[in-house]
Amino acid sequence: MSSHREAPEISKDPVADNTDVYAFLSPDDSSTVTLIANFIPLEGPDGGPNFYEFGDDVVYDIHVDNDGDGDADITYRFRFNIELRNPNTFLYNTGPITSLNSPNFNRRQFYSVSMVNDYGRETFLAKNLACPPCNIGPRSTPNYETLAAQAIHTLPSGERVFAGQRLEGFYVDLGAVFDLADLRPFQELHLIHTGAAVPGVDSTKNVNVHTIAIQVPKHLLTKNHVQPKNAQDPHAVLGVYASAGRRRARITLSNGRTEEYGPWEQVSRLGNPLINEALIPMGQKDRWNSLPPSADHQFLQYVQHPELAKLLPVLYPGVFPNLAAYSKARADLVAILLTGLPWGVIPNFQNYTGPKQADMLRLNIQVAPAQNPSMFGILGGDLAGFPNGRRVFDDVFTIELRAIAGATLPLVDNTFTADAAASAVTDIQNPDLTARYLPHFPYLGTPKSGFEVPAA
Amino acid sequence: MLKLTRRMLIKQTSIGVGTVGVLAAALTTKTRFENSSNTKAKAAEESGLATGEGLVVYVTDSATGTLTLLRGERATTITDAALVQHLLALK
């Protein structure tokens, strides 16, 4: 998946598992940047009676690097706490929840937002902001979207925030992809034949996640708050990643409670989708999650020579002959994932942050939102889409799969001709994204309710 | 700076904790301070800890006598080979 359960240790710790990160110029207010970090993968909508919530013992960060060194210059930090109205019932809600302060809303979650600067100084921007409940069903959470809208808060410092359940925005055919890369449209050419090709399955269309979204005026994120002159201006590019941390020691007490001690240690990290998932080998994944992007040079070989690029020609004999014959380091992937694309590689575009190799989304905030966006982003001729940041609807799985298959290699190596299959390979052909997203903040769609989606 | 003397560390870690490697020394757990509120308050005051506040000490390298103290959101590393040997010898 994008980064759901992508490493052995974090797969056992869902509330700290950062599943997706998005960074894009807000399409309905291009003076702002929207940053989103999702956590808690594959929430079954009917997962009660203890419905999903953020971890009170986890610190959630969204980081912005505005000087290209791969370290955070601005961090928005989110801390959560639970308030239980009535500990003498097993019910999440004791009646319909029609407002965030409804007396029927038994287990409420609140959070604080702070900003940490590059010297580590933390300033609280707001406290006691309410989260919405999970979407349970029409009796418990009627008019859910109205209820959730009450949980969009405007901070005194100018940002808007939302933290709560949303519909999963990332779409992928999990079952096929994990079954030795059963890919379309040539799955019948797979090394292991399983019969006629069948349509792809959108495995995540009925699951939810927990979203932290913040919409920030652009000038609050640029170095020294400068206004970039144009898309070529180095100040126009922001590096974005997210992380989650836990205290170093956790003591399980005999009374059923726990205590935490010591500094916060990073247990999850995410910039570009699918990096730790599909490029970093199993034995390195947990360590990768603990490191900042500025330490990514040590993982360079896995980007330069991705295992998946070697597997594709093996799994699909004869389909990727040019890719199979290519043995040089993949400069295209290094540029896309670790440094950004310098000006001129693609006409009228750059998202280059300098030579420092660091896995981050890189958003050029001087590229206006597209009027007719392509889900294939820059591969589809849409400079406002991935890998220029990442929008909620970008088909990042297909984009990265095609890049790894060689579709982007001619950008940096004119001796290479991409295989025809490189620009066709995908998992779901023509996914139905109707009603998957919102046209406004927080952009990810209304979560499915348990009543609506009973267990399969 | 932690106001934690070696004597206090021994006092806090040598009671009711039989394992070596990870030592949880919360004053609210079963320690000899539990029987005397005056002693408990005095011990807390001496250590610089608020009454009821916990402290975790763990031996990170017994060969070099390195310990790490976790208190609040801070971590402090100290080296005291004699103390580590003392802890290792505890039954």
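**Cysteines, rings and a pocket**

Author: To begin with a cysteine, A:C134 has a relative accessible area of 1%, so A:C134 counts as buried. Please bear in mind that this is a predicted model.

Reader: How far is the sulfur of A:C134 from the closest cysteine sulfur?
Author: The distance is 9.6 Å, to the sulfur in A:C131, which is too far for a bond. A disulfide needs the two sulfur atoms within 2.5 Å.

Reader: And is A:C131 buried or exposed?
Author: A:C131 is buried, with a relative accessible area of 4%.

Reader: How many disulfides are there over all chains?
Author: The structure holds zero disulfides. A:C131, for instance, is in none, its nearest cysteine sulfur being that of A:C134.

Reader: Let us turn to the aromatic rings. How many aromatic pairs are counted?
Author: The count over all chains is 14. One of them joins A:F54 and A:Y60 edge-to-face, with 5.4 Å from centre to centre and 75° between the planes. Both of these residues are buried.

Reader: Which cluster do they belong to?
Author: A:F54 and A:Y60 form one aromatic cluster with A:F39, A:F78, A:F80 and A:Y111.

Reader: What about A:Y326 and A:F416?
Author: They also form an edge-to-face pair, at 5.2 Å centre to centre and with 75° between the planes. This pair links distant parts of the chain, 90 residues apart: A:Y326 is in the loop between α7 and α8 of chain A, and A:F416 is in the segment after α9. A:Y326 and A:F416 are both buried.

Reader: Which ring has the charged end of A:R402 over it?
Author: That is the ring of A:F376, with the charged end 4.8 Å from its centre. Likewise, A:R247 lies over the face of A:W264, 5.5 Å from the ring centre.

Reader: A change of topic: what is the volume of the largest pocket?
Author: Its volume is about 820 Å³. The lining comprises 35 residues, and A:F178, A:E277, A:A278, A:L308 and A:L311 lie nearest the centre.

Reader: Which helix gives the most to that lining?
Author: α6(A) does, with five residues. Helices that each supply at least two residues include α2, α3, α5 and α9 of chain A.

Reader: What is the make-up of the lining by class?
Author: The lining has 25 nonpolar, seven charged and three polar residues.

Notes. Residues are numbered from 1 along each chain as its sequence is written. Chains are lettered from A and ligands numbered from 1 in the order in which they are written. This is a predicted model: local features need pLDDT of at least 70, side-chain atom pairs count only at pLDDT 80 or more; totals for chains, interfaces and linings use all residues. Side-chain values use heavy atoms; hydrogens and water are left out. On a 1 Å grid over the protein atoms alone, a cavity is a set of points where a 1.4 Å probe fits but cannot get out, and a pocket is an open set with protein on both sides within 12 Å along at least five of seven lines; lining residues have an atom within 4 Å of a point. Grid points are joined across faces, edges and corners, and a volume is the space filled by probe spheres set on the points. Helices (H or I, at least four residues) and strands (E, at least two) are DSSP runs, numbered from the N terminus. Ala, Val, Leu, Ile, Met, Phe, Trp, Tyr, Cys and Pro count as nonpolar, Asp, Glu, Lys and Arg as charged, and the others, Gly among them, as polar. Rings of Phe, Tyr and Trp (its six-membered ring) pair if their centres lie within 6.5 Å; planes under 30 degrees apart count as stacked, over 60 as edge-to-face and the rest as tilted. Buried means under 20% relative accessible area, exposed over 50%, partly exposed in between (1.4 Å probe, protein chains only). A charge sits over a ring if NZ of Lys or CZ of Arg is within 6 Å of the ring centre and within 35 degrees of the ring normal.
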